[in-house]
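Here is a briefing on one protein model and its ligand shell. Look over the sequence and the structure first.

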Amino acid sequence: MTRVFSGVKPTGHLTLGNYLGAMRQWAEEDQHRSDALFCVVDLHALTVDHDPARVRRLSRQAATLLLASGLDPERCTVFVQSHVDEHARLSYLLECVATDGEMRRMIQYKEKSVRERERGGSVRLSLLTYPALMAADILAYGTDEVPVGEDQTQHVELARDLAVRFNHRYGHTFTVPRATRPKVAARVMNLQDPASKMGKSDDTGPGIVYLLDEPDTVRRKVMRAVTDGGRGVVYDRAERPGVANLLEILAACAGGDPEALAGGYDSYGALKKDTAEAVIEALRPVRERHQALCADPAYVDGVLRTGAERARGMARPWVDAAYRAIGLLPA
Ligand code: TYM
């Protein structure tokens, strides 16, 4: 059976981008057709300046939202990264296979390190080695497929490269994974700045739809979305990114194809109105389930405990095999 692994980082409240680009596929498709693991990657949240209490709170919220988005712990494994030591154990071995040059070439490292320096801060070493830990997340489970949004493609490519290099140097050990992404909305853009990704760690609130936003808030944010100067509703990502973004969000939430949907509108107002309502409907069940799950914290704890145990059992043989292959003396 195909093994699927993916994760979400608790560095902010989860957004419509996380949902349409990744989580929805996990719930609607991946958990039904594969042996899948979904992880709150809390160790990754420590790579930038952070408040410990906030990371803890956001980790719990992310786990609850994974379940609220429709992941069924009877069908897949839901857990928290730091509960399974194998991730950190394998990450070190992959740092011994990766080069600093390939880490420095990662777009997210370049962007985030510039941002940290602009804020007057220093760049944590773990921000540079982030992709080795992410590769460890993936390779520790013999993963075949990694369903992610477009922004993670380069990291998954690096995980592939490291798997191939490790296998070549030390004998066949790892499965070589590949990224998969949704047909539409693989890169949801910020509603106020359609040149940038809708990212949970950004602070531009009005351009970001959060999964737990009230319907009125969603409506207001979508109605105020920046559109483009051109006339008419056309789907053109390069020239009309604001309108293209709305059409993609509408297509992802209500079904259909962005280009075909464009033909049905002659004003931005009508497009925004339909998009807002489609988003509200798409998020309604998630918000409702989230509320119910918050009333039952013991259930969420139990899911995470069982998930971590299961994940540990799955990861250990892969990581032990890598320790042997690379030349470490068995304990
Ligand atoms: P993270 O937490 O930034 O995002 C979680 C998932 O949501 C997708 N995503 C988006 N998709 C479309 N449009 C957007 N605006 C948007 N914003 C986020 C991301 O592509 C991702 O699939 N490094 C990863 C977490 C990670 C991981 C892993 C993923 C750590 N280890 C192993 C897969 C496998 C990250 O920061 O995702």
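Which residues is Leu-43 in contact with, leaving aside its neighbours within four places in sequence? They are Gln-81, Ser-82, His-87, Ala-88 and Leu-133. The model is predicted. The protein holds twelve helices and five strands. Its domain assignment gives domain 1 (3-181 + 297-326) and domain 2 (205-291).

**Overall build**

- The radius of gyration is 20 Å, close to the 20 Å that the globule rule gives for 331 residues, so the protein is as compact as a globular protein of that length.
- Along the principal axes, the C-alpha atoms fill a box of roughly 70 × 45 × 40 Å.
- Of the 331 residues, 44% are buried.
- Take the contacts with a separation of 6 or more: residues 24 or more positions apart account for 76% of them.

- The C-alpha centres of domain 1 and domain 2 are 29 Å apart.
- Ten residues from domain 1 and eleven residues from domain 2 take part in the contact.
- On the side of domain 1 that touches domain 2, helix H1 (16-33) and helix H2 (52-68) are the elements that give two or more residues.
- That side of domain 1 has six nonpolar, four polar and no charged residues.

**Ligand shell**

- The ligand is surrounded by 26 residues.
- Lys-9, Gly-17, Gly-21, Val-148 and Gly-149 are the closest.
- Strand S1 (3-8), H1 and helix H6 (125-139) each supply at least two shell residues.
- By class, the shell has eleven nonpolar, ten polar and five charged residues.

**Annotated positions**

- An unreviewed UniProt entry places the "short sequence motif: 'HIGH' region" at residues 10-18.
- The end C-alpha atoms of residues 10-18 are 11 Å apart.
- This span is 33% helix and 0% strand.
- The UniProt annotation "binding site", also from an unreviewed entry, covers Asp-137.
- Asp-137 sits in helix H6.
- Asp-137 counts as buried because it has 27 C-beta neighbours inside 10 Å, against a cut-off of 20 or more.
- Leaving aside neighbours within four places in sequence, Asp-137 is in contact with Phe-5, Gly-7, Cys-39, Val-41, Gln-81 and His-87.

**Leu-16, in helix H1**

- Leu-16 is found in helix H1.
- Leu-16 is buried, with 26 other C-beta atoms within 10 Å.
- Beyond its neighbours within four places in sequence, Leu-16 is in contact with Val-188, Met-198, Val-209, Leu-211 and Val-279.
- Leu-16 and Val-226 are 210 residues apart in sequence, yet their C-alpha atoms are 17 Å apart in space.

**Leu-43, between S2 and H2**

- Leu-43 lies in the loop between strand S2 (35-40) and H2.
- Buried or exposed? Leu-43 is buried, because 21 other C-beta atoms lie within 10 Å.
- Gln-81 and His-87 are among the contacts of Leu-43, and both are also in contact with Asp-137.
- From Leu-43 to Thr-175 the chain runs 132 residues, and the C-alpha atoms are 23 Å apart in space.

**Loop between S5 and H8**

- Where is Tyr-210 found? It is in the loop between strand S5 (178-180) and helix H8 (215-223).
- Tyr-210 has 20 C-beta neighbours inside 10 Å, so it counts as buried.
- Not counting residues up to four places away in sequence, Tyr-210 touches His-13, Leu-14 and Thr-15.
- Ala-185 is not a glycine, although its phi is positive, at about 70°.
- Ala-185 counts as buried, with 25 C-beta neighbours inside 10 Å.
- Tyr-210 and Ala-185 are 25 residues apart along the chain, and their C-alpha atoms are separated by 16 Å.

Methods
Residues are numbered from 1 along each chain as its sequence is written. This is a predicted model: local features need pLDDT of at least 70, side-chain atom pairs count only at pLDDT 80 or more; totals for chains, interfaces and linings use all residues. Domain bounds come from an automatic or database domain assignment. Two residues are in contact if their C-beta atoms, placed from the backbone, lie within 7 Å. Helices (H or I, at least four residues) and strands (E, at least two) are DSSP runs, numbered from the N terminus. Ala, Val, Leu, Ile, Met, Phe, Trp, Tyr, Cys and Pro count as nonpolar, Asp, Glu, Lys and Arg as charged, and the others, Gly among them, as polar. The radius of gyration is taken over C-alpha atoms; the globule rule is 2.2 Å times the number of residues to the power 0.38. A residue is buried if 20 or more other C-beta atoms lie within 10 Å of its own, exposed if 12 or fewer, and partly exposed in between; C-beta atoms are placed from the backbone. UniProt positions are given in the numbering used here, feature names are shortened, and annotations may be inferred rather than shown by experiment. A residue is near a molecule or strand if its C-beta atom, placed from the backbone, lies within 6 Å of it.
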